[in-house]
Amino acid sequence: MKQYLLGIDIGTSACKTAVFDEDGHVLATGSGDYPVYYPRQGWAEQNPEEWWAAVCGAIKAMLEKSGIRAEDIAGIGIDGQSWSAIPVDKNGEVLANTPIWMDTRAADICEEVGRKVGEDRIFQVCGNPFKATYTTPKILWYQRNLPEVYAHTYKILQSNSYIAYKLTGEMTQELSQGYGLHCFDMRKGVWDLDMCRELGIREDLLPDIYPSHAIVGGETEKAARECGLLPGTPVAAGALDAACGTLGAGVVHPGETQEQGGQAGGMSICIDEYKADPRLILSYHAAAGQWILQGGTVGGGGVMRWMEQQFGDYERSRKEELGKSSLTQFNEIAEKVAPGSDGMVFLPYMSGERSPIWDPNAKGVFYGLDFSKTKGHFIRAAMEGVALSLKHNLDVAKEAGAEVSVLRAMGGSANSLLWTQIKADVTGKKIIVPSSDTATTLGAVILAGVGIGMYKSFEEAVEKTVEIKRTHEPDPKNREVYDRNYETYLKLYDHLKDIMAERSR
């Protein structure tokens, strides 16, 4: 019998599914869309039941189209977006939409609880800042604003653990997503019950913790009927999407670093000792026994998705005629603009900003407009703004003692040669590009493969499955102009942050 692995990726705008063979070759892919709801200023939420419906539809369509048999799937791995807070009752029914990673509705709660408990005290336990985008403040928001939901909540689940529950019937929490809860001891990988009490969170809401590659159960009969797989198929606990993307990009040794090019941006540095900085994000790696020090930004590939949606009508109308996607055409337009965009600078704070500034009031800004600027300037400046936010996080990581020399790029943005080169030039770092589109789902299936014993170790799995496509070296000729724009980038936010805060009141 052939032994394949199935990966499920719960992203922000869609789920992706993929079947891999043991050597990491993609045999089939599928996807399913679902919306993000923005009911109020600062709110961004999703319905987990729509995730599950999309997953089931994607898997069924993928298997039917490819001809891959359900009995050929040896294991399932799951990765998911960060900082969900999914309230479920004892029957596993979702009681409310979950605020997602960009939701800042609990900002006032953070200020109040931070003063009461002490931000330093909280940080010493979990190694992460107490910010509204994390899971903990969202739970407290339920407690205060949806008391009926909170009272009937049996467990709080993360995105990957919710899908694992739908597949197996087991409610779990795995290590890499623990960082979203500030009652998680980042040094030991266990719940800190004293901090639970100090924060006012019920201990019983927290599921048992599992390693990311642990097999938490087999697929139930009900799940098998709904998604077209075989009952009993082993399911790994899964992990944070950034952790799986880091693993799927081949980062398993200390100092190796993944550059994130999905909806969100940032980087993940593999470290083998606890090293926290309140300006950054610290979580356990999907690869056992290590952490990843992350810079997580709101502005990543989502910036270009927004640009294309708002300003790509003409390019979309010519897609068939030219045989080129609108994003490919955007790249060609931006290539005609000189590095530095003739002084035009973009702040990519499109839904507040996470690390390193942690400002829910931050706004996107284009600076440097005049009559000489073109559509290409806007596109290139947007690409460069995302690269500048990456550099900002790398600089802070260096101050925290985690300097890197090489980045491994992943996500849809890595398919753009121009954008990847811009990131290399702005950061001054060499960038290696593995098979970027599938790095995250590859990381998820590696977890399943290690969990069922297909791979003896994470190192063996990476050696067998990760293939390098191309390399980008930084161009020293562009260093001066990008350093100048970076200085402008930092000053712009510093001078505008008070205005941003006033306008958000």
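**Cysteines, salt bridges and surface patches**

The structure contains zero disulfides, a disulfide being a pair of cysteine sulfur atoms within 2.5 Å. The model is predicted: local features need pLDDT of at least 70, side-chain atom pairs count only at pLDDT 80 or more, and totals for chains, interfaces and linings use all residues. Residues are numbered from 1 along each chain as its sequence is written, and side-chain values use heavy atoms, with hydrogens and water left out.

Two cysteines illustrate the count. The closest cysteine sulfur to that of C56 belongs to C227, and at 5.0 Å it is too far for a bond. C56 is buried, with 7% relative accessibility. Here buried means under 20% relative accessible area, exposed means over 50%, and partly exposed lies in between (1.4 Å probe, protein chains only). C270 is likewise in no disulfide; its nearest cysteine sulfur, in C244, is 14 Å away. C270 is buried at 1% relative accessibility.

Burial also marks helix α5 (residues 159–168). Nine of its 10 residues are buried, so the helix is largely enclosed by the rest of the structure. The buried residues are S159, N160, S161, Y162, I163, A164, Y165, L167 and T168. Helices (H or I, at least four residues) and strands (E, at least two) are DSSP runs, numbered from the N terminus. Just after α5, G169 adopts a positive phi of about 85 degrees.

The structure holds 30 salt bridges. A salt bridge places a side-chain nitrogen of Lys or Arg within 4 Å of a carboxyl oxygen of Asp or Glu. One of them joins D72 to R69, with the closest N and O atoms 3.1 Å apart. D72 is buried, at 6% relative accessible area. R69 is partly exposed, at 44%.

R197 takes part in two of the contacts described here. Its side chain meets that of D194 in a salt bridge, at 2.7 Å from N to O. R197 and D194 lie three residues apart in helix α6 (residues 193–199), and are therefore separated by about one helical turn. An α-helix has 3.6 residues a turn, so residues three or four places apart point the same way. D194 is partly exposed, with 46% relative accessibility. R197 also forms a salt bridge with E203, at 2.5 Å from N to O. E203 is partly exposed, with a relative accessible area of 32%. Elsewhere, E45, D103 and R105 are linked in a network of salt bridges.

D108, E111, E119 and D120 form a patch of negative charge on the surface. Patches are made of residues with over 30% relative accessible area and no salt bridge; like charges are joined within 9 Å, and nonpolar side chains (Val, Leu, Ile, Met, Phe, Trp, Tyr) within 5 Å. Lys and Arg count as positive and Asp and Glu as negative, while His and the chain ends are not counted. Each charge is placed at NZ of Lys, CZ of Arg, CG of Asp or CD of Glu. D120 lies in helix α2 (residues 107–126). D120 is exposed, with a relative accessible area of 63%.

A nonpolar patch on the surface is formed by W306, F311 and M350. Together these residues have about 280 Å² of accessible area, computed by the Shrake-Rupley method with a 1.4 Å probe; for residues, only the protein chains shown count as cover. M350 sits in the loop between β20 (345–347) and β21 (365–367). At 38% relative accessibility, M350 is partly exposed.
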